[in-house]
Amino acid sequence: MGIDRLHPRMRQDTSGILKYSPAYDALIPYLRRVGIEDDVSMLTPGEYHADTSPLIQMLRKGHHEVALDPESWTGW
């Protein structure tokens, strides 16, 4: 059996069943993340840095005039 990563409160509130919203499903293709099928035995440094994500690239270019304030960009 795998590791239980779900917070106990989240498990209690959702009965352990999580459903994604249509918005989340639509956002997934624009994210770079390690998937179950990926070979991550030796990643290239910076390979999954936020700046390689299509979502971040679109936001930096002001997609549909979306502009994040400096505080929103911290941690990238």
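Biologist: Why is Lys-19 called exposed in this predicted model?

Modeller: Lys-19 has a relative accessible area of 76%.

Biologist: Now Tyr-30, please. What makes Tyr-30 partly exposed?

Modeller: Its relative accessibility is 37%. Buried means under 20% and exposed over 50%, so Tyr-30, at 37%, falls in between and is partly exposed. Look for Tyr-30 in the loop between H2 and helix H3 (54-60).

Biologist: Which residues make the nonpolar surface patch?

Modeller: Leu-27, Tyr-30 and Leu-31 make that patch, and it covers about 220 Å². Tyr is on the list of nonpolar side chains, and a patch residue needs over 30% relative accessible area; Tyr-30, with 37%, therefore passes that cut-off.

Biologist: Let's step back to the whole chain. How many helices and strands does the protein chain have?

Modeller: There are four helices and zero strands, which run α-α-α-α from the N terminus on.

Biologist: How does the radius of gyration of the protein chain stand against that of a compact globule?

Modeller: The protein chain has 16 Å, whereas a compact globule of 76 residues would have a value near 11 Å.

Biologist: And what share of the residues is buried?

Modeller: Buried residues make up 7% of the 76. The chain exposes about 6900 Å², with 57% supplied by carbon and sulfur atoms.

Definitions and conventions. Residues are numbered from 1 along each chain as its sequence is written. This is a predicted model: local features need pLDDT of at least 70, side-chain atom pairs count only at pLDDT 80 or more; totals for chains, interfaces and linings use all residues. Side-chain values use heavy atoms; hydrogens and water are left out. Buried means under 20% relative accessible area, exposed over 50%, partly exposed in between (1.4 Å probe, protein chains only). Patches are made of residues with over 30% relative accessible area and no salt bridge: like charges are joined within 9 Å, nonpolar side chains (Val, Leu, Ile, Met, Phe, Trp, Tyr) within 5 Å. Accessible areas come from the Shrake-Rupley method with a 1.4 Å probe; for residues, only the protein chains shown count as cover. A salt bridge is a side-chain nitrogen of Lys or Arg within 4 Å of a carboxyl oxygen of Asp or Glu. Helices (H or I, at least four residues) and strands (E, at least two) are DSSP runs, numbered from the N terminus. The radius of gyration is taken over C-alpha atoms; the globule rule is 2.2 Å times the number of residues to the power 0.38.
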